[in-house]
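This briefing covers salt bridges, pockets and aromatic contacts in the structure shown below. The points are grouped by topic for direct comparison with the coordinates.

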Amino acid sequence: MIQTQYFALIGGLDLTTPAIQVPPGRAIAGVNYEPHPAGYQRVDGYERRDGRPRPSKASYWVIQFDAGQAAIAEDDTVTGATSGASGRAVIDAVVESGSYGGSDAAGYVVLTNVSGTFQDNENLQVSAATKVVADGVAVERGAGNDTDDATWIQSAIEKARADIDALPGSGPVRGAWAYGSDIYAFRDNSGGTAGVMHKATASGWSAVDLGREIAFDAGTAEFFEAETLTGGTSGATATIKRVVKESGGWSGSDAAGRLILASVTGTFQDNETITSASGSATSDGADAAITLPAGGRYDFRNHNFYGASDLFRMYGCNGEGRGFEFDGTVFVPIDTGMVEDKPIRVEVHRNHLFFGFRGGSLQHSSTGEPYVWSPITGAGEIGIGEDISDLLGSVAGALIVFGDNKVATLVGDDSANWVLNILAEDAGAAAWTGQMIGTPIYLDRLGVRSATTTDRFGNFLLGTLTQLVEPLFRAKRAAGVTPIGAIRVRAKDQYRLYWSDGTGMTIYFGREPAEILLFKLDFVPTCLYSAQTDTDGAEVLLAGDADGMVYEFDAGTSFDGEPVPAFLRLAFNHLGSPSQKQRFTKATVEMDGGPSTTLGLTAEFSYGDPDQPPSIEQTFDVAGGGGFWDEMIWDQFYWSSPVEGQAEAPLDGIGRNVSLTLISNATYEQPHVLSGVIFNFSNRGIVR
């Protein structure tokens, strides 16, 4: 008698539980699937960024034409003579009747990257020369059949991708961040002698002018932004962009600090009187260009120290030079007074700007004053006793300080009552792996840990999240593979850890216990960031590579134009009767995907017993809404439910248990979600 049983696909990867005890919804191998609220999802893609149109957002428009007198070729820029609209030809214009020679060619042209609105009956021109006349308006995704639609949208995607460039310069990407609605990235110049900050724009990466600065002392009257600064001796002039008062006071005639300048004419001199409409001080050196040092790896935070809504700013450091503040226009280096003023980490806590330095020095600004680092006004230094590997601020009222072999919490309000509590001294966090996902999550020598708050203020309990995949960590250590860093993915309740061999681990916190699956990229990140824009709160996941390319994760359907190879091997399932042989006749995979999802499936029986060969690998399409058909064994697959996609595969195997392997290798398919498996089987004799 044929029986059926259903199993939900949940639980993640399990490499430690004895095979007979592994819950049937777990996986025992796999790559490029991730835990999902409904089961397991093939991972999203990633794509390059430089500010130009995203490949995944590319589309195409079809314009009918007549009165054609000359051909429009693929990649030509087509402009409407009346409307001024423009677009790029995806293919050579198609003539359906007439001829160019007779000036009566009629057909259609397919455009991408369209801006503006084309008008009916306007001349369509290439380089100001009329080629054809529009016969109607442009229709987005206006193909007459699915084949043309797929071909043209894929071509539009790849043309958009080919336009996107790496950061100019040399060496790896050293940092990338979202501030406001913009993306910024850092790479060394072509000679490797200095760092350069770039902004992603509609025409690609554009270097940011960091401006100039001049130090002052003996300040007797306050300067204000936008005033014109004039040198009393040199006659040099400049526009004041930021006033950085670091010590003293205007009323005491001993204010000291720096002015950030733009539009400098001439050269200010040391020890000359510098004045503006409101201010007066003495220059402490000549003005100098603000530069970034080469090398390092950047750390960033966005914060508003001042209250007003337009004073939300970006703070960063790279371990090779001074920390800095940036507001999208004005770049302000921050002087802490350290001889080696080269912070390696930045964080904000209790309205203080914190910098971590090599040697275990944790320093903070005065309250609400990121430019002021004097102990007299509340700035301070705390010794950690070893190099700082990460900082996480405002965690249940505490600042989490990670060292290579130590985890500590800093509680209190300011330098008057800070208390440093040691949470662990046997193991610390691997650099760049600390993230906040409800609680602090980080990688130590044994695996990924969480620091859960207790009901006692400032106290935490440590727990390990990765016991089920502990053999993986041993294998990485044995192979010399090192962690690169981690990011949090708020939208998916995930922590993602990345290694130096291009592999990584996703930990999902949407179910208890946390679930883990693995991924493998086509590149090795040099830096990783999870940031939010302030326009819509959208999360941006950024990474750089060794060749200067900046990528955005969870964008598009491919690995930057390459297929996403994915497979998932489920645990051996004995259907509740581990000592009884069963004949397996069919497996039905419940899933949700895009309009067309191609999936491969194979099965093994009795723990892969060589006397019971695996089922033939089968490939089939699951259409949106559930329909599917076989591509390899035409008469053995069936149309399924219109509500939920189902992949039904005939099996012909006998064994005490069965393990399915699901395979995907697609470039333009939307990621699919595998939610459950139904087995059709009949019982045989007891295993003797």
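Across the structure, the count of salt bridges comes to 45. The model is a predicted one. A search of the whole structure also finds 34 aromatic pairs, and the largest pocket has a volume of about 1,100 Å³.

**Salt bridges**

- Asp335 and Arg258 form a salt bridge in which the closest N and O atoms are 3.1 Å apart. This pair links distant parts of the chain, 77 residues apart: Asp335 belongs to the loop between strand S28 (331-334) and strand S29 (345-349), and Arg258 belongs to strand S21 (residues 255-265).
- The two partners fall into separate accessibility classes: Asp335 is partly exposed, with a relative accessible area of 24%, whereas Arg258 has 4% relative accessibility and counts as buried.
- Arg474 forms a salt bridge with Glu470, with the closest N and O atoms 2.2 Å apart. Both residues lie in helix H2 (residues 470-478), and because they are four residues apart there, about one helical turn separates them.
- Arg474 counts as partly exposed at 45% relative accessibility, and Glu470 counts as partly exposed at 23%.
- Glu539 forms a salt bridge with Arg490, the closest N and O atoms being 3.7 Å apart. Distant parts of the chain are again linked, 49 residues apart: Glu539 is in strand S46 (residues 539-544), and Arg490 is in the loop between strand S41 (483-489) and strand S42 (494-499).
- Glu539 is partly exposed at 21% relative accessibility, and Arg490 is partly exposed with a relative accessible area of 34%.
- A network of salt bridges links Glu34, Asp44, Lys492, Arg496 and Asp554.

**Largest pocket**

- The lining of the largest pocket comprises 47 residues, and those nearest its centre are Ser56, Ile157, Gly556, Thr557 and Gln670.
- At least two residues of this lining come from each of helix H1 (146-163), strand S15 (182-188), S46, strand S47 (550-553) and strand S50 (596-605). H1 gives the most to the lining, with seven residues.
- By class, the lining of the largest pocket divides into 17 nonpolar, 14 polar and 16 charged residues.

**Second largest pocket**

- The second largest pocket holds about 640 Å³ of space. It is lined by 28 residues, and Trp177, Phe300, Arg301, Arg488 and Ser530 are the closest to its centre.
- Two or more lining residues are given by each of strand S25 (299-303), S29, strand S33 (388-395), strand S37 (435-437), S41 and strand S45 (527-532).
- The lining of the second largest pocket has 12 nonpolar, nine polar and seven charged residues.

**Aromatic contacts**

- Among the 34 aromatic pairs found in the whole structure is that of Tyr46 and Phe523, whose ring centres are 5.2 Å apart and whose planes are at 70 degrees, so the pair is edge-to-face. The pair links distant parts of the chain, 477 residues apart, with Tyr46 in strand S5 (residues 46-48) and Phe523 in the loop between strand S44 (515-520) and S45.
- Tyr46 and Phe523 are both buried.
- The rings of Phe355 and Trp373 have centres 5.3 Å apart and planes at 5 degrees, so this pair is stacked. Phe355 is in strand S30 (residues 352-357), and Trp373 is in the loop between strand S31 (361-364) and strand S32 (380-383), so that the pair links distant parts of the chain, 18 residues apart.
- Phe355 and Trp373 are each buried.
- One aromatic cluster is formed by Trp177, Tyr184, Phe186, Tyr298, Phe300, Phe324, Phe326, Phe331 and Tyr529. Trp177 and Phe300 of this cluster are also among the residues closest to the centre of the second largest pocket.

**Charges over a ring**

- The charged end of Arg297 sits over the ring of Trp432, at 4.2 Å from the ring centre.
- The charged end of Arg345 also sits over the ring of Trp432, at 3.6 Å from the ring centre.

Definitions and conventions:
Residues are numbered from 1 along each chain as its sequence is written. This is a predicted model: local features need pLDDT of at least 70, side-chain atom pairs count only at pLDDT 80 or more; totals for chains, interfaces and linings use all residues. Side-chain values use heavy atoms; hydrogens and water are left out. A salt bridge is a side-chain nitrogen of Lys or Arg within 4 Å of a carboxyl oxygen of Asp or Glu. Buried means under 20% relative accessible area, exposed over 50%, partly exposed in between (1.4 Å probe, protein chains only). On a 1 Å grid over the protein atoms alone, a cavity is a set of points where a 1.4 Å probe fits but cannot get out, and a pocket is an open set with protein on both sides within 12 Å along at least five of seven lines; lining residues have an atom within 4 Å of a point. Grid points are joined across faces, edges and corners, and a volume is the space filled by probe spheres set on the points. Ala, Val, Leu, Ile, Met, Phe, Trp, Tyr, Cys and Pro count as nonpolar, Asp, Glu, Lys and Arg as charged, and the others, Gly among them, as polar. Rings of Phe, Tyr and Trp (its six-membered ring) pair if their centres lie within 6.5 Å; planes under 30 degrees apart count as stacked, over 60 as edge-to-face and the rest as tilted. A charge sits over a ring if NZ of Lys or CZ of Arg is within 6 Å of the ring centre and within 35 degrees of the ring normal.
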